Amino acid sequence: MIRRFGEAPRKDQTYRLRPGAYALLPRDGQLLLTCQYGPAPDVQLPGGGIDEGESPIPALHREVYEETGWKIATPKRIGAFRRFVYMPEYDLWAEKICHIYTARPVLQLSEPVEKDHIALWMPIADASEVLGNAGDQYFAALLARLG
């Protein structure tokens with residue numbers, strides 16, 4: 001069973017399964033994060049949905065680049081969690097299955113290419129305090145404890 005974070009599913013709501021790949025990206029004591037500032041600011045682990053026919057690792061590379069502008073290397077899966085949320089940008093109620101990886105940010109290729117995103121660096125020890133969902137917070141705190 002995959003651990004759930006956040007609200008329990010509503011019994012009156014149908015949810016669409018939405019798998020995704022997300023990354024903890026440490027470098028020199030800092031963690032690379034993304035802030036999606038539209039429709040409201042939300043600090044997140046970089047990553048996102050795995051498209052139909054796409055595998056998790058290519059999705060992770062694509063999403064990290066789109067949201068941060070960075071190229072990554074050596075992704076390693078460390079866990080997963082699920083959450084039940086409304087995604088206003090898609091007008092969709094989703095059961096998100098979030099596969100969490102660690103990876104190494106190796107080169108900034110550009111600014112983020114995805115609309116309404118900015119990349120930001122934060123001390124690893126502080127990241128769990130600003131991330132916008134409990135699952136991201138849990139894995140960032142785990143990374144901080146492991147040092």
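**Figure 1. Surroundings of Arg3 in the predicted model.** In this predicted model, Arg3 is in contact with Phe81, Arg82 and Tyr138, leaving aside its neighbours within four places in sequence. Arg3 belongs to the segment before strand 1. The relative accessible area of Arg3 is 47%, so the residue is classed as partly exposed. Arg3 and Ile97 are 94 residues apart in sequence, while their C-alpha atoms are 9.8 Å apart in space.

**Figure 2. Ala134 in helix 3.** Helix 3 covers residues 134–146 and includes Ala134. Ala134 is partly exposed because its relative accessibility is 33%. Between the C-alpha atoms of Ala134 and Phe81 the separation is 9.9 Å, and the two residues are 53 residues apart along the chain. Phe81 is also one of the contacts of Arg3.

**Figure 3. The largest nonpolar core.** This core has 19 residues, and those that touch the most other members are Leu24, Leu31, Leu33, Leu45, Ile100, Ala127 and Leu131. Two or more residues each come from strand 1 (16–24), strand 3 (30–36), strand 7 (92–108), strand 8 (117–123), helix 2 (124–130) and helix 3. Not counting residues up to four places away in sequence, Leu24 touches Leu31, Leu45, Ile78, Ile100, Tyr101, Thr102 and Ala103, as well as Phe139, Ala140 and Leu143. Another core, of 12 residues, lies apart from the largest one, and Ala21, Ala23, Leu25 and Ala103 are among its members.

**Figure 4. Ala103, a member of the 12-residue core.** Ala103 is located in strand 7 and is among the residues of the core that lies apart from the largest one. With a relative accessible area of 6%, which is under 20%, Ala103 is therefore buried. Not counting residues up to four places away in sequence, the contacts of Ala103 are Leu24, Leu25, Pro26, Ile72, Ala73, Thr74 and Pro75.

**Figure 5. Two non-glycine residues with positive phi.** Asp28 is not a glycine, yet its phi is positive, about 50°. Asp28 sits in the loop between strand 2 (26–27) and strand 3. The relative accessible area of Asp28 is 74%, so Asp28 is exposed. Thr74 also has a positive phi of about 50° and is not a glycine. Thr74 is part of strand 6. At a relative accessible area of 55%, Thr74 is classed as exposed. Thr74 is one of the residues touched by Ala103.

**Figure 6. Gly47 and its contacts.** Gly47 is a residue of strand 5. Gly47 counts as buried because its relative accessibility is 3%. Apart from residues up to four places away in sequence, Gly47 touches Ala21, Tyr22, Glu63 and Glu67. Ala21 is listed among the members of the 12-residue core. The C-alpha atoms of Gly47 and Val64 are separated by 5.3 Å, and the residues are 17 residues apart along the chain.

**Figure 7. The largest pocket.** The space in the largest pocket amounts to about 710 Å³. Its lining consists of 35 residues, and Gln36, Gln44, Met87, Glu89 and Lys96 lie nearest the centre. Strand 1, strand 4 (42–44), strand 5 (47–49), helix 1 (56–68), strand 6 (70–87) and strand 7 each give two or more residues to the lining. Strand 6 supplies the largest share, five residues. By residue class, the lining divides into 13 charged, 12 nonpolar and 10 polar residues.

**Figure 8. Cys35 and Cys98.** The count of disulfides is zero. A disulfide is a covalent bond between the sulfur atoms of two cysteines. For Cys35, the closest cysteine sulfur is that of Cys98, and the separation of 18 Å is too far for a bond because the cut-off is 2.5 Å. The search from Cys98 leads back to Cys35, again at 18 Å and too far for a bond. Cys35 is buried, with 9% relative accessibility. Cys98 is likewise buried, and its relative accessible area is 3%.

How values were computed: Residues are numbered from 1 along each chain as its sequence is written. This is a predicted model: local features need pLDDT of at least 70, side-chain atom pairs count only at pLDDT 80 or more; totals for chains, interfaces and linings use all residues. Side-chain values use heavy atoms; hydrogens and water are left out. Helices (H or I, at least four residues) and strands (E, at least two) are DSSP runs, numbered from the N terminus. Buried means under 20% relative accessible area, exposed over 50%, partly exposed in between (1.4 Å probe, protein chains only). A nonpolar core is a set of buried Ala, Val, Leu, Ile, Met, Phe, Trp, Tyr and Cys residues joined through side-chain atoms within 4.5 Å. Contact means heavy atoms within 4.5 Å. On a 1 Å grid over the protein atoms alone, a cavity is a set of points where a 1.4 Å probe fits but cannot get out, and a pocket is an open set with protein on both sides within 12 Å along at least five of seven lines; lining residues have an atom within 4 Å of a point. Grid points are joined across faces, edges and corners, and a volume is the space filled by probe spheres set on the points. Ala, Val, Leu, Ile, Met, Phe, Trp, Tyr, Cys and Pro count as nonpolar, Asp, Glu, Lys and Arg as charged, and the others, Gly among them, as polar.
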